[in-house]
Amino acid sequence: MDMDRKEEIRDAARQSFSILGYKATTMDHVAKAANVGKGTIYNFFRNKEELFQDIIAELLLEMKKKAESVMDDEQSLKENVHRSLVELLQYRKSHQLTVKLVYEAREIGTAAVKEALQNIESLILDYLKEKVIAAVAEGDIRQCDPEITAFMMLKLYTALIIDWEEGHEPLSKEKILHLFDDYVFKGLSPE
């Protein structure tokens, strides 16, 4: 019963944060949406910040599962990074909560939201860094700084999938992979 109630609160919070954003969401909003008294929320979460962190932790886990779902051990690092970054960035573009958080961080600059987005980026960067380290160890790419390489890969994909579309027609997945190959992997190929 308690776990059902906690999940109802999480669902209501997720919905409130997705629609109103972090700053405008109050515990009263969440309580009303969950159809519980505000005091019930405090049985599970100390405050709005803790509830928000719980929702973000769940989002991070969901994003990691999405990235892993498209990975294929039979494919190259290039193909796997491409698949996972396309999946993650398409998810970020279409998931109502992440869309709202990106908007709030940009327009309002809410510190908790900026931190949440940094955690999302860190998760992606750590994931990519692991893949780069493995590829170097296997001789698939030459020695490089895995942290900088992961950062550059993420920023290139963000630019091609999100930023590019602000003023241009979206690029196909095939075109993005071709550009990724040209700008990254041809320079990292073993000699």
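Reply: One definition comes before the rest: contact means heavy atoms within 4.5 Å. The model is predicted.

Me: Which residues does valine 184 touch, not counting residues up to four places away in sequence?
Reply: Valine 184 belongs to helix H9, residues 173-188. With neighbours up to four places away in sequence left out, valine 184 touches Met152, Met153, Leu156 and Leu179.

Me: What distance separates the C-alpha atoms of valine 184 and methionine 153?
Reply: Methionine 153 is one of the residues that valine 184 touches. The two are 31 residues apart along the chain, and their C-alpha atoms are separated by 7.8 Å.

Me: Is valine 184 buried or exposed?
Reply: A residue counts as buried under 20% relative accessible area. Valine 184 has a relative accessible area of 3%, so valine 184 is buried.

Me: How many helices and how many strands are there in the protein?
Reply: From the N terminus on, the elements run α-α-α-α-α-α-α-α-α. The count is therefore nine helices and zero strands.

Me: What share of the residues in the protein is buried?
Reply: The C-alpha trace spans about 65 × 35 × 25 Å along its principal axes. Of the contacts with a separation of 6 or more, 66% are accounted for by residues 24 or more positions apart. Of the 191 residues, the buried ones make up 41%.

Me: How many aromatic pairs does a search of the whole structure find, and what kind of pair do phenylalanine 17 and tyrosine 22 form?
Reply: The search of the whole structure finds four aromatic pairs. In the pair of phenylalanine 17 and tyrosine 22, the ring centres are 5.9 Å apart and the planes stand at 20 degrees. Planes under 30 degrees apart count as stacked, so phenylalanine 17 and tyrosine 22 are stacked.

Me: What kind of pair do the rings of phenylalanine 17 and phenylalanine 52 form?
Reply: Their centres are 5.0 Å apart and their planes are at 75 degrees. Over 60 degrees counts as edge-to-face. The pair of phenylalanine 17 and phenylalanine 52 is therefore edge-to-face.

Me: Which helices does this pair link?
Reply: Phenylalanine 17 and phenylalanine 52 are 35 residues apart, so the pair links distant parts of the chain. Phenylalanine 17 is in helix H1 (residues 2-24), and phenylalanine 52 is in helix H4 (residues 48-69).

Me: Which residues do ring pairs link into a cluster, and are they buried or exposed?
Reply: Ring pairs link Phe17, Tyr22 and Phe52 into a cluster. The relative accessible area is 0% for phenylalanine 17, 6% for tyrosine 22 and 1% for phenylalanine 52. Phenylalanine 17, tyrosine 22 and phenylalanine 52 are therefore buried.

Me: What sits over the ring of tyrosine 22?
Reply: A charged end lies 4.3 Å from the centre of the tyrosine 22 ring. That charged end belongs to lysine 48.

Me: How are H1 and H4 oriented to each other?
Reply: Their axes come within 10 Å and cross at roughly 95 degrees. Angles from 65 to 115 degrees count as roughly perpendicular. H1 is therefore roughly perpendicular to H4.

Me: Which residues of H4 meet H1?
Reply: On the H1 side the residues are Glu7, Ile9, Arg10, Ala13, Arg14, Phe17, Tyr22 and Lys23. On the H4 side they are Lys48, Glu49, Leu51, Phe52, Asp54, Ile55 and Glu58.

Me: Where does phenylalanine 45 lie, and which residues does it touch, not counting residues up to four places away in sequence?
Reply: Phenylalanine 45 lies in the loop between H3 and H4 and is buried, with a relative accessible area of 3%. Its C-alpha atom is separated by 9.1 Å from that of lysine 6, 39 residues apart along the chain. Leaving out residues up to four places away in sequence, phenylalanine 45 touches Lys6, Ile9, Arg10, Glu50, Leu51 and Asp54.

Me: Are H5 and H8 parallel or oblique to each other, and what is the handedness of their crossing?
Reply: Helix H5 (residues 77-94) and helix H8 (residues 146-163) pack at about 55 degrees, with their axes 10 Å apart. That angle makes H5 and H8 oblique to each other. Their crossing is right-handed.

Me: Is asparagine 35 buried or exposed?
Reply: Asparagine 35 is in the loop between helix H2 (27-34) and helix H3 (38-42). Its phi is positive, about 60 degrees, although asparagine 35 is not a glycine. With a relative accessible area of 69%, asparagine 35 is exposed.

Key
Residues numbered from 1 in each chain as written. Predicted model: local features only at pLDDT ≥ 70, side-chain atom pairs only at ≥ 80, totals over all residues. Heavy atoms only, no water. Phe/Tyr/Trp six-rings, centres within 6.5 Å; stacked < 30°, edge-to-face > 60°. Buried < 20%, exposed > 50% of the residue type's maximum accessible area, 1.4 Å probe, protein only. Helix = DSSP H or I, 4+ residues; strand = E, 2+ residues; numbered from the N terminus. Lys NZ or Arg CZ within 6 Å of the ring centre and 35° of its normal. Axes fitted to C-alpha atoms, helices over the stretch in contact; angles between N-to-C directions. Parallel < 35°, antiparallel > 145°, perpendicular 65-115°, else oblique. Left-handed = near helix turned anticlockwise from the far one by under 90°.
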